[in-house]
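Please keep the model open while reading.

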Amino acid sequence: MALLSSPLQLKGLTLKNRIVMPPMCQYSVDAHDGTPTDWHFVHYVSRAVGGTGLIIVEMTDVEPDGRISNGDLGLWSDEQIPAFSRIVSEVHKYGSKIGIQIGHAGRKAEDAEVPVSASAIAFPGSRYKMPRALTTEEVQAMVVKFAESARRAVEAGMDTIEIHGAHGYLIHQFHSPLTNKRDDQYGKDPALFGVEVIQAVKKVIPADMPLIMRVSAVEYVDGGYGLAYSTELCRRYKEAGVDVFHLSSGGEGPIGSAGRPGVHPGYQVPLARAIKQALDVPVIAVGNLDDAKLAEATLGNGDADLIAVGRGMLRDPYWAIHAIRALSPEELQPPKQYGRAF
């Protein structure tokens with residue numbers, strides 16, 4: 001059996017294969033109410049039909065001003081739960097599992113009248129506004145908002161939760177020394193906000209549900225942190241209750257003078273491997289892994305436990321079926337309606 005098509009057990013969650021659709025914003029909530037539409041239903045269900053083992057719904061925000069744009073999803077109200085439940089129920093019919101990424105854009109919330117952040121430091125570029133720093137009490141209230149969104153996700157039937165701590169969004173803004181210039185406890189301990197979010201979310205999800213966290217393992221901005229810093233950050237997050245890390249990079253500012261590694265196939269795999277080896281924790285590798293043989297090699301070399309394919313799945317909803325067919329056609333189990341095509 002090809003590793004890519006082999007099942008994986010993560011606490012109480014069993015995945016039929018190692019293929020993940022990572023969160024990718026669709027900016028398609030035309031009513032601006034945070035509620036999934038028919039577009040989201042078709043988008044996610046089609047990847048389940050296409051054989052994906054785990055689908056992670058795009059960043060879904062804990063409050064209206066936490067959205068990158070007003071066209072993003074949200075889970076700040078119980079009224080939003082049924083639309084998510086509809087997606088979950090249909091995805092499950094095809095043997096796929098589905099999770100959701102909850103987060104807050106912080107200073108990168110483009111449509112917020114006044115964005116918030118760890119500190120009053122604007123993201124570079126004319127499209128971004130000057131944020132105000134959250135008060136200590138507001139940070140503590142934000143922790144509760146993350147937990148409430150996670151509770152709603154559980155009520156919607158999600159199989160797992162991913163906390164967004166990457167790509168320059170709010171949790172990243174707290175754990176990055178570049179954007180956290182606070183003098184309270186959240187400044188003295190840059191990991192504290194993320195730790196408290198993790199602990200609060202763990203209290204509202206089932207004990208056997210794995211908790212995923214997405215982290216930028218390297219910042220490419222001048223003065224940004226590197227792998228040694230993020231490894232210790234992930235160690236704190238693991239101790240707080242994270243079960244799986246989803247390793248990406250960048251997002252906290254423009255590329256610095258040292259430049260960014262070439263965006264070649266598998267360019268972020270070394271980051272996933274480093275965190276996996278240092279912390280002995282399951283990891284999801286992501287970043288130009290849409291060649292099935294490269295994805296298989298990444299698993300076979302022990303560099304990661306799961307492979308996330310983003311843009312490849314935007315191009316091809318049936319990427320998982322096609323990858324498994326290319327690696328081990330005898331293991332292919334397409335939907336019965338499509339069986340005659342294989």
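Methionine 213 touches Glu162, Ile163, Gly165, Ile171, Ile198, Tyr237, Val242, Val244, Phe245 and His246, leaving aside residues up to four places away in sequence. Contact here means heavy atoms within 4.5 Å. The model is predicted: local features need pLDDT of at least 70 and side-chain atom pairs pLDDT 80 or more, while totals for chains, interfaces and linings use all residues. Residues are numbered from 1 along each chain as its sequence is written, and side-chain values use heavy atoms, with hydrogens and water left out.

Methionine 213 also belongs to the largest nonpolar core, which has 86 residues. Within that core, Ile100, Ile161, Phe193, Val201, Met213, Tyr237 and Phe245 touch the most other members. A second, separate core has 13 residues, including Leu8, Leu15, Val20 and Val244. A nonpolar core is a set of buried Ala, Val, Leu, Ile, Met, Phe, Trp, Tyr and Cys residues joined through side-chain atoms within 4.5 Å. Buried means under 20% relative accessible area, exposed over 50%, and partly exposed in between (1.4 Å probe, protein chains only). In soluble globular proteins, nonpolar side chains tend to be buried together.

Two helix pairs are described here. Helices (H or I, at least four residues) and strands (E, at least two) are DSSP runs, numbered from the N terminus. Axes are lines fitted to C-alpha atoms, for helices over the stretch in contact, and angles run from 0 to 180 degrees between N-to-C directions.

| Helix pair | Axes come within | Crossing angle |
|---|---|---|
| α1 (residues 38-49) and α2 (residues 81-92) | 9 Å | roughly 20 degrees |
| α7 (residues 227-240) and α8 (residues 269-279) | 10 Å | roughly 50 degrees |

The α1 and α2 helices are roughly parallel, whereas α7 and α8 are oblique to each other. Angles under 35 degrees count as roughly parallel, over 145 as roughly antiparallel, 65 to 115 as roughly perpendicular and the rest as oblique. The crossing of α1 and α2 is right-handed. The crossing of α7 and α8 is right-handed too. Right-handed means that the near helix is turned clockwise from the far one by less than a right angle; anticlockwise is left-handed.

From α1, Asp38, His40, Phe41, Tyr44, Val45 and Ala48 meet Arg86, Ile87, Glu90 and Val91 of α2. From α7, Leu227, Ser230, Thr231, Cys234, Arg235 and Lys238 meet Leu271, Ala274, Ile275, Ala278 and Leu279 of α8.

## Cysteines

Cysteine 234 is buried, at 0% relative accessible area. Cysteine 25 is partly exposed, at 23%. The disulfide count is zero, where a disulfide is a pair of cysteine sulfur atoms within 2.5 Å.

## Positive phi in loops

Most residues other than glycine have a negative phi. Aspartate 280 has a positive phi near 50 degrees. Aspartate 280 sits in the loop between α8 and β12 and is exposed, at 70% relative accessible area.

Asparagine 288 has a positive phi of about 55 degrees. Its loop runs between β12 (283-286) and α9 (292-300). Asparagine 288 is partly exposed, at 36% relative accessibility. Leaving aside residues up to four places away in sequence, asparagine 288 touches Val263, His264, Pro265, Gly266, Tyr267 and Leu294.
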